[in-house]
Amino acid sequence: MSEPITEERAKGKSVRPLKMLIPFISPYKGTLLLALVALLVSSAALLAMPIAVRNVIDHGFSVEDAANVDRYFFVLLMFALVIGVFGAARAYFVGWLGERVVADIRDKVFRHVVRMDPTFFEVTRIGEVLSRLTADTTLIQSISGVGISILLRSTIQFIGALALLAYTNLQLMGILVIVLPVIIVPIVAIGHWVRKLSRDTQDRVADASGHAAEILNAVETVQVFTAEELESRRFGDAVTESFVTAVRRIRVRALFTTVAMSGVFGALIFVLWIGANEVLAGNISGGELGQFVLYAIFVGVSGGALSEFWGELQRAAGAMERLAELLEMEPAIQTPSNPIALPASQGAVSFNGVNFSYPSRPDTLAANDFTLNVAKGEHIALVGPSGAGKSTVFQLLLRFYNFESGQIKVDDVDITKADPREIRARIGIVPQQTIIFGATAVENIRFGRPGATDDEVIEAAKMASAHEFIEKLPEGYDTYLGEKGARLSGGQKQRIAIARAVLKDPPILLLDEATSSLDAQSERLVQEALKVLQKNRTTMVIAHRLSTVLEADRIVVMDSGRILAVGRHADLIEREPVYARMVDLQFGDKVNPV
Ligand code: ATP
């Protein structure tokens, strides 16, 4: 079963999880090869350049060689061109590769997560999944494209320049090998410190923005409780915290620059000084010294890049590990290998001795020996106190959970032996809280059947008594309904949900009547729309209105996951004191309006 993802587990130092990137990179071998070729050519040109520089210095300025001056400079220019063109080609191919790989990872992770069962979402915070999809994939992006390029380029340049350094002048290289670590070690150490502090800063910024998101999502509640000042102060504190951490980082960064700049230039000047003395003594030529200094710079730059990159690599490995954890989780509800196809659309449902506990509450039966046959076209009302298990019946029929024992059949097919998607395709649902997506009215209704034409959407809206109000919206059906449908009233949202179900046209309908009271006009419209929707469909409704129970073919009275009684209203009132009491409590003085 799925378990929460923990940061700690992913903090290992190993970079082994990056192996998991291979299947994502391998489809693009061609691009990788092009990048490698470009890299090799530009690196070779870069490494050869100091030799050209040496020739320019040694021969380019001498009177005897005057005829060749142009040629030396021309060769130098050619090197510059090759480095530029192939360097750009390398940057293009690796950049493309990084973006492509990350797009594929995001796509795969989302496809996977969207298939997960409710149990997964009970234990995993949505924010965490989102941060995997964005922050973690971004970390991988930086290493899978540009990162690979830095790694290869710096490795080639580091080894190449070191070898050519030895070839150019062994004695000077000996001095450099002694001097370099004295400078590089503190630079790398301070670099690590800077990196740690910049991660801290990012965390503080994430804290502050997480806090802001939470408050802005519930801004009305904050205003009702006049807590704007308090919340602003809390946000201000979080921002100050991130500022303080950032300043600490900037200070260390300043130290880093001081040490790095003076260290690197100091070392170079030191070697130049020794080299200059050698030139004066006639032991080496000026060009050789120039060549040597260039190689020394290459070694320093690529060595620095490699050490910097190691940290990046570790962070990316952690990110990849967290993503892999997500990808490895499997939904508890799986499609059987040979699913039984459902017969042509009908709509009969049967529950037979179903026992079920929610995974997080294994000791309590939310459905207890639940047995009920619903004929095609029958209208069933479920009633019972809060927590009786009415919604659970819907959840089980929708195949969101595995139940312990018993059987549920849709059109005589055991739902555990069928494809869950086929079962769900046969069921329409109008929930208590309508979900409106941040899209237009037409898109929101079309969610019921993605292939539907505009005319079909309008027809469904008309049947759901939604056409009139949608027409009056500023841009009619193309009006953006706002995040979570913030621009619609409760009744309007419900009618959109009903239009969706009309468009889906399922043989089985599950309704969870809204408890929130609508005004009389709105209520009448919703009721009319529901009546149209239920016609000729098997309907199970969680009833919160007396009119619903009065009209139902049968009423199922539930408590603690059990069925207490089944019958018609007048009959149950007579013989079921539990029902009579429940009706009295739930519907109050509306008990006998008929
Ligand atoms: P209401 O009318 O208040 O919506 P209900 O009759 O629909 O109630 P259910 O939502 O089916 O009741 O809940 C039945 C029991 O299962 C309750 O005790 C509830 O606390 C429990 N329950 C519901 N969902 C979960 C869940 N995801 N995990 C654990 N327990 C749950």
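The residues in the contact of α2 with α3 divide into 25 nonpolar, 5 polar and 1 charged. For these classes I count Ala, Val, Leu, Ile, Met, Phe, Trp, Tyr, Cys and Pro as nonpolar, Asp, Glu, Lys and Arg as charged, and the others, Gly among them, as polar.

I note that this is a predicted model, in which local features need pLDDT of at least 70, side-chain atom pairs count only at pLDDT 80 or more, and totals for chains, interfaces and linings use all residues. Residues are numbered from 1 along each chain as its sequence is written, and side-chain values use heavy atoms, with hydrogens and water left out.

I then looked up the geometry of this pair. Helix α2 (residues 29–59) packs on helix α3 (residues 69–113) at about 155°, and their axes are 8 Å apart. Helices (H or I, at least four residues) are DSSP runs, numbered from the N terminus. Axes are lines fitted to C-alpha atoms over the stretch in contact, with angles from 0 to 180 degrees between N-to-C directions. The two are therefore roughly antiparallel (over 145 degrees; under 35 is roughly parallel, 65 to 115 roughly perpendicular, the rest oblique).

Next came α6 and α8. Helix α6 (residues 170–217) and helix α8 (residues 228–280) pack at about 170°, with axes 9 Å apart. That makes α6 roughly antiparallel to α8. The crossing of α6 and α8 is left-handed, and their contact has 29 nonpolar, 9 polar and 9 charged residues.

Last, I turned to the ligand. Of the 14 residues around the ligand, Glu122, Ser386, Gly387, Ser391 and Thr392 come nearest (a residue is near if one of its heavy atoms lies within 4 Å). The shell has 5 nonpolar, 6 polar and 3 charged residues, and helix α10 (residues 390–397) gives the most to it, with 3 residues.

A backbone N or O atom of Ala388 lies at 3.0 Å, a polar backbone atom of Lys390 at 2.9 Å, and a side-chain N or O atom of Thr392 at 2.4 Å. The protein covers 69% of the 640 Å² of accessible area that the ligand has on its own (Shrake-Rupley method, 1.4 Å probe).

How values were computed
A polar contact is a pair of N or O atoms within 3.5 Å; within protein, one must be able to donate a hydrogen and the other to accept it, and residues adjacent in sequence count only if both atoms are side-chain atoms. A crossing is left-handed if the near helix is turned anticlockwise from the far one by less than a right angle, and right-handed if clockwise.
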